[in-house]
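Hi,

Here's the structure I said I'd pass on.

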Amino acid sequence: MLPLSLLNAAQNKPMVRTLHNFLQERRNVNGHLVNCDNFMNITLREVYQTNADGDRFWKVKECYIRGSTIKYLRVPDALLDVVKEDQTRAREAGKGARGGTHVGGVGRGRGGARGGPPRGGRARGRGI
Amino acid sequence: MDSLIPFTTSGSLVDCVDRKMLVVLRDGRKLHGVLRSYDQFANLVLEDTVERIYAGNTFAEKWCGLFLIRGENVVLLGEIDLDQEDDVPLRQVDYKQLDDYYRQDAAAKKQREEAKAKILYEQKGFCKEGGEGDGY
């Protein structure tokens, strides 16, 4: 489970808290994660924003944060378990469609191809 | 299995997964937590995270939970030796109690750095430095 796929799985789940940096000013942004992409750009809904000192608050209906300005995201603790369950369910569904034994075969094949010796051998052969 | 993972900087993080780690961020935050996942950008997922602050010979912890840290903000990632962790000669105090001291320390340090930068710029002919995190 890569960090960004965890974020992907967190879509539409309540409460993500972000700290980001805009024009050198640290802000806290709390809200519902609506969408995200591979650059970590995110859109939030029902947002509460605070300034660096945490003494002023703004309520914003929707906001978009460019990924590069994000320092970190705080996500609900329960998310890890939810994501794990989702993954298992997806895997089960995939097995059902393709047939269990076949999936295992593919995995082994890929492992062999990744090993060094076979690949190196073929390359040398072509050179001669 | 190990030989399948290339010896790269991110490849060597494999051994650190599911261990208690210390992460230092560019803004000076120190986070302790269990590393659950990472990627090629050093984006990190930390579980059961606590933020630690230090002042004098005391420290305090604040519970933060599950963290997803953007890689560009990571300065340092280090494994914590669980055996030696308890021998640290620092006293743990309440977070609220230490927070004010910590802020004062940070403000004083910032002032000192600014004064130093000013002298370096005006009298010693050095160039100006940028904003936060420029030291890294």
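Predicted model: local features only at pLDDT ≥ 70, side-chain atom pairs only at ≥ 80, totals over all residues.

I went through how chain A and chain B meet. Between them there are 12 residue pairs in polar contact, counting pairs with both residues at pLDDT 80 or more. On the chain A side, the elements that give two or more residues to the part touching chain B are helix H1 (3–9), strand S1 (16–22), strand S5 (70–75) and helix H2 (79–98). S5(A) gives the most, with six residues. Sorted by class, that side of chain A has 16 nonpolar, four polar and five charged residues.

S5(A) also turns up in strand pairing across the two chains: together with strand S4 (residues 58–69) of chain B, S5(A) forms an antiparallel pair over four bridges. If you want a spot to look at, Val75(A) has Leu66(B) in S4(B) as its bridge partner.

Now for the overall contact. Chain A puts in 25 residues and chain B 24 residues. The area buried between the chains is about 2,200 Å², and carbon and sulfur atoms give 55% of that. Of the area that chain A buries against chain B, 27% is supplied by Pro3(A), Lys71(A) and Tyr72(A), more than any other three residues.

Lys71(A) comes up again with the charges: its side chain and that of Asp27(B) meet in a salt bridge, at 3.3 Å from N to O. How many salt bridges cross the interface of chain A and chain B? The rule finds one.

Cheers

Methods
Residues numbered from 1 in each chain as written. Chains lettered and ligands numbered in written order. Heavy atoms only, no water. Contact = heavy atoms within 4.5 Å. Buried area = accessible area lost by both parts, 1.4 Å probe. Salt bridge = Lys/Arg side-chain N within 4 Å of Asp/Glu carboxyl O. Polar contact = N/O pair within 3.5 Å; in protein donor to acceptor, adjacent residues only side chain to side chain. Nonpolar A, V, L, I, M, F, W, Y, C, P; charged D, E, K, R; others polar. Pairing = 2+ DSSP bridges.
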